[in-house]
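Colleague: I would like to learn how to read a structure, one feature at a time. Where do we start?

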Amino acid sequence: MSSTLLYRAFGFRQYDCVRPTTADGIMTLHLWQDPTHDRCSYCQSPDVIRHGAEERTVRTVPIGGKPVDLRLPVPRLGCRNCGRIRQAAIRFTRPFRRFTHAFERYALSLLSHMTIQAVADHLQVGWTYAFNRWRG
Ligand SMILES: [Zn+2]
């Protein structure tokens, strides 16, 4: 999946899909971020050095009724400007969230037409967990 298709379908910039996989009915898109787009998440300086990465999985809007997860390595960046070492920000989600902004908007739009349980069943997420996370 090209970066152009990712951008047009999901609104993601600066990521490429290196491969899609499917397991247990969930499609997983394995993403990769070009290091030239690395920025310090504190001061936004591009003068950073990668210090490893941590794998993260985030749920996004479904395709054809199937859940879609995004899996990507989130680099730890050492900033030469401010001296901090922090994880790079992911533009399509908030810190510590398991859903993309697009998924949250989609779920909230469904809530105006369906019950919370119906939305949770449709999106295949636990409604208690999801609802509490969306409100926060
Ligand atoms: Zn910095």
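Predicted model: local features only at pLDDT ≥ 70, side-chain atom pairs only at ≥ 80, totals over all residues.

Colleague: Is Thr93 buried or exposed?

Modeller: Buried means under 20% relative accessible area. Thr93 has 5% relative accessibility, so it counts as buried.

Colleague: Which residues does Thr93 touch?

Modeller: Leave out residues up to four places away in sequence. Then Thr93 touches Arg56, Val58, Phe99, Thr100 and His101. The Thr93 side chain reaches the backbone oxygen of Phe99 at 2.7 Å.

Colleague: Now the metal. Which residues coordinate the zinc ion?

Modeller: Look for the donor atoms. Here they are the SG atoms of Cys40, Cys43, Cys79 and Cys82, at 2.3 to 2.4 Å. Along the chain, the donors follow the spacing C-x2-C-x35-C-x2-C.

Colleague: What arrangement do the four donor atoms make around the zinc ion?

Modeller: Read the angles. Four donors count as tetrahedral if all angles lie between 85 and 135 degrees. Around this zinc ion the angles are 101 to 121°, so the arrangement is tetrahedral.

Colleague: How accessible are Cys43 and Cys79?

Modeller: Take them in turn. Cys43 has a relative accessible area of 28%, so it is partly exposed. Cys79 is at 7% relative accessibility, so it counts as buried.

Colleague: How many residues of E4 are buried?

Modeller: Count along the strand. Ten of the 14 residues of E4 are buried, so the rest of the structure largely encloses this strand.

Colleague: How do E3 and E4 run, parallel or antiparallel?

Modeller: Read the bridges and the direction together. E3 and E4 run antiparallel, joined by twelve bridges. Then find residues that face each other. Val48 stands opposite Cys79 in E4. Ile49 stands opposite Gly78 in E4.

Colleague: In what sense do E2 and E4 pair, parallel or antiparallel?

Modeller: E2 and E4 pair in the parallel sense, over four bridges. Leu29 stands opposite Leu70 in E4.

Colleague: And E4 with E5, in which sense do they pair?

Modeller: They pair in the antiparallel sense, over three bridges.

Colleague: What should I look for in the hairpins?

Modeller: Check the residues between the strands, and the phi angles. The hairpin of E3 and E4 has two residues between the strands, and Gly64 takes a positive phi near 60°. In the hairpin of E4 and E5 there are five residues between the strands, and Gly83 takes a positive phi near 80°.

Colleague: What does UniProt place at residues 39-82?

Modeller: Treat a record as a label, then look at the model. The unreviewed UniProt entry gives "domain: Transposase IS204/IS1001/IS1096/IS1165 zinc-finger" there. In the model, residues 39-82 are 0% helix and 68% strand. The end C-alpha atoms of that span lie 12 Å apart.

Methods. Residues numbered from 1 in each chain as written. Heavy atoms only, no water. Donors = N, O, S within 2.8 Å, 3.2 Å for Na, K, Ca; no water. Tetrahedral: all angles 85-135°; square planar, octahedral: opposite > 155°, others 65-115°. Buried < 20%, exposed > 50% of the residue type's maximum accessible area, 1.4 Å probe, protein only. Pairing = 2+ DSSP bridges. UniProt positions renumbered as here; feature names shortened; annotations may be inferred. Polar contact = N/O pair within 3.5 Å; in protein donor to acceptor, adjacent residues only side chain to side chain. Contact = heavy atoms within 4.5 Å.
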